[in-house]
Amino acid sequence: MTKLMFQTTVAVAAMVLTAAAPSHAQTADPAGIVRKMHQAFFYQGESFRARVKMTLTSASGSERIRELTMLRINMPKGGDQRYFMYFHAPGDVRRMAFLVYKYPARESDRWLFIPALNLVQRIAAKDAQSSFVGSDFTYEDISGRNVEADDHKLLREEEHGGKPCYVVESAPKGSASYKRKVSWIDKATSLPLKEEYYDVQDQLFKEFAAEDIQEIDGLPTAMKRTMKSVKTGHSTAVEFSEVKYRLALKAEEFSERTLRNPPGSWIK
């Protein structure tokens, strides 16, 4: 074989192998990418506390501000979690509290304490996609949706804000507030940097953005999260401060009893 024939054979073989080899985008597991995202966004650190400022902005620019404390604990087995939120201000929502028992394999249990009525109200499963206390976030957005409740498809890989991302489309298997959702998931941190929600007419109706990514206790954390209603122009910005992970929270501090009597050592 001459040198020219050898070079040609090698070149052809390389082209054949390149064509036959699947790209990373084709072989990546989209459901696995979303599971990693849920771990990074909802589960990291085993426990969590933050002071939260929630700003609700109308299309005309008027603002309403709410201040609350958020607690979260991961249970020892099965991926169960518990969330507790206590509202400090303004006066019309002060002492309102929200409790979630999250179960990955079935619908979460949710309760809301309304101090003006001295009433603990159970949030029905069918209301999981309703607005969370008048914000652009739903009850389901707060603690996360079951990964297995949707079918996931990797659309492409591209940069968002200068960060390499997986772009994943999620379509509900059952009921949901959207027909499909498209997520830009940071390859480095697995955090969702952007999400687009499409309605039954396949029109964009809601957008989520995670900003100001900081490393807290060694864990990448989105310190600001925004949800905007594209059709109404209303938006909700959630800003975290005093963030701490790996705290000595106890499961009994997340109970229906604490809705009326919150754990004072954590709620300040």
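Modeller: Let us start with burial: a residue is buried under 20% relative accessible area, exposed over 50% and partly exposed in between, with a 1.4 Å probe and protein chains only. The model is predicted, so local features need pLDDT of at least 70 and side-chain atom pairs pLDDT 80 or more, while totals for chains, interfaces and linings use all residues. Residues are numbered from 1 along each chain as its sequence is written, and side-chain values use heavy atoms, with hydrogens and water left out.

Colleague: Is Q44 buried or exposed?

Modeller: Q44 counts as buried because its relative accessibility is 12%. Helices (H or I, at least four residues) and strands (E, at least two) are DSSP runs, numbered from the N terminus. Q44 is placed in the loop between α3 (30-43) and β1 (47-57).

Colleague: Which residue does the side chain of Q44 join by a polar contact?

Modeller: A polar contact is a pair of N or O atoms within 3.5 Å; within protein, one must be able to donate a hydrogen and the other to accept it, and residues adjacent in sequence count only if both atoms are side-chain atoms. The side chain of Q44 has such a contact, of 3.3 Å, with that of Y245.

Colleague: How are aromatic pairs read?

Modeller: A pair of aromatic rings is described by the distance of the centres and the angle of the planes. Rings of Phe, Tyr and Trp (its six-membered ring) pair if their centres lie within 6.5 Å; planes under 30 degrees apart count as stacked, over 60 as edge-to-face and the rest as tilted. A search of the whole structure finds 11 aromatic pairs. The planes of F41 and F42 stand at 80°, with ring centres 5.0 Å apart, so this pair is edge-to-face. For F87 and F132, the centres are 6.3 Å apart and the planes at 40°, so the pair is tilted. This pair links distant parts of the chain, 45 residues apart: F87 is in strand β3 (residues 81-89), and F132 is in the loop between β6 (119-123) and α4 (139-143). Both F87 and F132 are buried.

Colleague: How many bridges join strand β2 to β3?

Modeller: Two strands pair if DSSP finds at least two bridges between them. Strand β2 (residues 63-74) is joined to β3 by eight bridges, and the two run antiparallel. Strand β4 (residues 97-102) also runs antiparallel to β3, joined by six bridges. R82 has Y101 in β4 as its bridge partner.
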